[in-house]
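Please walk me through this structure.

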Amino acid sequence: MLLEPPIDTLVKKVGNPYKLAVIVSKRAKLLSQSLTEKEKEEVPEVTRAVNEVFSGEIVGK
């Protein structure tokens, strides 16, 4: 269960929950292809993708 960052905040940044799910899943897939196994163990790909959306590195249009 995702507690931080709050889902409501993420949805406001992107526009709607479906768009958020698509953005996070596509970014997580790209990350899974480029990260090493050690990096994946430290912080999972989905968590990294969510944090990128929250920080503004990834913007939904």
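Lys40 and Glu37 join their side chains in a salt bridge, 3.6 Å from N to O. The model is a predicted one. Both residues belong to helix H3, and because they are 3 residues apart there, about one helical turn separates them. Glu37 counts as exposed, since its relative accessibility is 53%, and exposed means over 50%. Side chains of opposite charge can pair when their charged atoms come close.

How many salt bridges does a search of the whole structure find? The count is 2. Besides the pair of Lys40 and Glu37, there is a salt bridge between the side chains of Glu52 and Arg27, at 2.5 Å from N to O. Glu52 lies in helix H4 and Arg27 in helix H2, so this pair ties together parts that are 25 residues apart in sequence. Are the two partners buried or exposed? Glu52 counts as buried, because its relative accessibility is 12% and the cut-off for buried is under 20%. Arg27 is partly exposed, with a relative accessible area of 26%.

Glu52 leads on to the rest of its helix. H4 spans residues 45–55. Its buried residues are Glu45, Ala49, Val50, Glu52 and Val53. Why do they fall on the same side of H4? They cover an arc of only 160° around the axis, and that puts them there. What do these buried residues pack against? Their partners are helix H1 (7–14), helix H2 (17–34) and helix H3 (37–42). H2, one of these partners, also holds Arg27, the residue that pairs with Glu52. After H4 comes Gly56. Its phi is positive, near 95°.

Now the rings. The structure holds 0 aromatic pairs. Phe54 does have a charge over its ring: the charged end of Lys13 sits there, 5.5 Å from the ring centre.

Last, the segment before H1. Pro6 lies in it. The residue is partly exposed, with a relative accessible area of 34%. How far apart are the C-alpha atoms of Pro6 and Val24? They are separated by 14 Å, and the two residues are 18 residues apart along the chain.

Note on methods:
Residues are numbered from 1 along each chain as its sequence is written. This is a predicted model: local features need pLDDT of at least 70, side-chain atom pairs count only at pLDDT 80 or more; totals for chains, interfaces and linings use all residues. Side-chain values use heavy atoms; hydrogens and water are left out. Buried means under 20% relative accessible area, exposed over 50%, partly exposed in between (1.4 Å probe, protein chains only). Helices (H or I, at least four residues) and strands (E, at least two) are DSSP runs, numbered from the N terminus. The arc is that of the directions from the helix axis to the C-beta atoms. Contact means heavy atoms within 4.5 Å. Rings of Phe, Tyr and Trp (its six-membered ring) pair if their centres lie within 6.5 Å; planes under 30 degrees apart count as stacked, over 60 as edge-to-face and the rest as tilted. A charge sits over a ring if NZ of Lys or CZ of Arg is within 6 Å of the ring centre and within 35 degrees of the ring normal. A salt bridge is a side-chain nitrogen of Lys or Arg within 4 Å of a carboxyl oxygen of Asp or Glu.
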